[in-house]
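Morning, everyone. Let me put the model on the screen, and then we'll walk through the inside of it.

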Amino acid sequence: MAIASNLLIALDDGHGMETAGKRTPLVTELGRAIKENEFNRAVVKYMDEHLKHIGFKTLLVAPTDADTSLLARTNLANSKAADAYVSIHFDAMGNVWGSVEGHSIFVYHGSTKSKKLAECVAEFLKQGTTQKWRGIKEQNLHVLRETKMPAILSENGFMDNPREARLMLDTDFQKEVAREHVQGICEYFGVSFKEIKEEIEEVVGNTKGIFRIKTGTFPNARAFANAIDKIKADFGWVIYEAADSTSFDPNYRMYTGIFTTKEAAQEAEAKIKSKYGWTTYLIDESK
């Protein structure tokens, strides 16, 4: 088993904040487009924190919002002898809303080590938020070709897909994607994964449970209120009404629970998915 502190992971947050074209079409409720780097940099930030928590060393190859050249990124990773290179992206087909969806991972042609790293990350990505899995693909991209270590580039959705575009600003989705990449990195190197314990503030009265479910993310107050009514009417469960919409993140997040066993929480999560088809995420507070 490898020792995390002996390993250096190069993290690449894709395009710069102002890179032309790297944004969604106009999101009406926001009154603006979402820039790809708003998602990319958040995921890299969470990955950086999580990898360090486990004991890895990290290297940010594009640490500012400027569009750092690809050559500068790969030269830095190579000069520091990074053990793996991970580039985070969000895909697009064009500049108008469409129906293409899903996530994928790219590797350089014939790179068996990169493909193995991609397979490890894919194992966990496919267990998270429900998305179409588009597979591991080979492509002649600079950050995959010019790196001297296993390198992957993940496309975590489509910016011109209405549902997936809105996930870009969902903090829970950003953290989930980061966590899944970190799990894959740990799997690849044979390092034990260690969860980051977060303080949970959403409570009902003075009650705090062991397990809860991130039940859904809703684009406006009406959809949020309707969802609460559905859950309460159909199941009678306690709802953590986390209506924390902001100008940066307009979504309303809802949490369901108090569950004292993982089995009970998983059963409840399955019922929600089956009845409503919502994206859910089980949060374990027992660790």
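Start at phenylalanine 90. It has a relative accessibility of 2%, so it counts as buried. Buried here means under 20% relative accessible area; over 50% is exposed, and in between is partly exposed, with a 1.4 Å probe and protein chains only. This is a predicted model: local features need pLDDT of at least 70, side-chain atom pairs count only at pLDDT 80 or more, and totals for chains, interfaces and linings use all residues. Residues are numbered from 1 along each chain as its sequence is written, and side-chain values use heavy atoms, with hydrogens and water left out.

What does phenylalanine 90 pair with? Its partner is phenylalanine 39, in an edge-to-face pair, 4.8 Å centre to centre with 70° between the planes. The ring rule covers Phe, Tyr and Trp (its six-membered ring): centres within 6.5 Å make a pair, planes under 30 degrees apart are stacked, over 60 edge-to-face, and the rest tilted. Phenylalanine 39 is in helix α1 and phenylalanine 90 in strand β3, 51 residues apart, so the pair links distant parts of the chain. Those elements are DSSP runs numbered from the N terminus: helices are H or I with at least four residues, strands are E with at least two. Phenylalanine 39 is buried too, at 0% relative accessible area. Ring pairs join Phe39, Phe90 and Phe173 into a cluster.

Next, the core. The largest nonpolar core holds 40 residues, and Met47, Phe56 and Ile185 have the most contacts inside it. By nonpolar core I mean buried Ala, Val, Leu, Ile, Met, Phe, Trp, Tyr and Cys residues joined through side-chain atoms within 4.5 Å. Elements giving it two or more residues are β1 (8-12), α1 (36-54), β3 (84-91), β4 (103-107), α3 (112-125) and α6 (171-189). Helix α1 supplies the largest share, eight residues. Why group them like this? In soluble globular proteins, nonpolar side chains tend to be buried together.

Take methionine 47. Leaving out residues up to four places away in sequence, it touches Leu11, Val86, Ile88, Ala178, His181, Val182 and Ile185. A contact is heavy atoms within 4.5 Å. There is also a second, separate core of 16 residues, including Phe211, Ile213, Trp237 and Ala268.

Now helix α3. Its buried residues include Leu117, Val121 and Phe124. The buried residues of α3 pack against β3, β4, β5 (133-138), β6 (151-158) and α6.

On to serine 104, in strand β4. At 2% relative accessibility, serine 104 counts as buried. Beyond neighbours within four places in sequence, serine 104 is in contact with Trp133, Arg134, Gly135, Leu153, Ser154 and Glu155.

For contrast, look at alanine 20, in the loop between β1 and α1. Alanine 20 is exposed, at 68% relative accessibility. Its C-alpha atom is 9.7 Å from that of lysine 35, 15 residues apart along the chain.

Last, the whole chain. It has eight helices and 10 strands. Of its 287 residues, 50% count as buried. Among contacts with a separation of 6 or more, 78% are between residues 24 or more positions apart.
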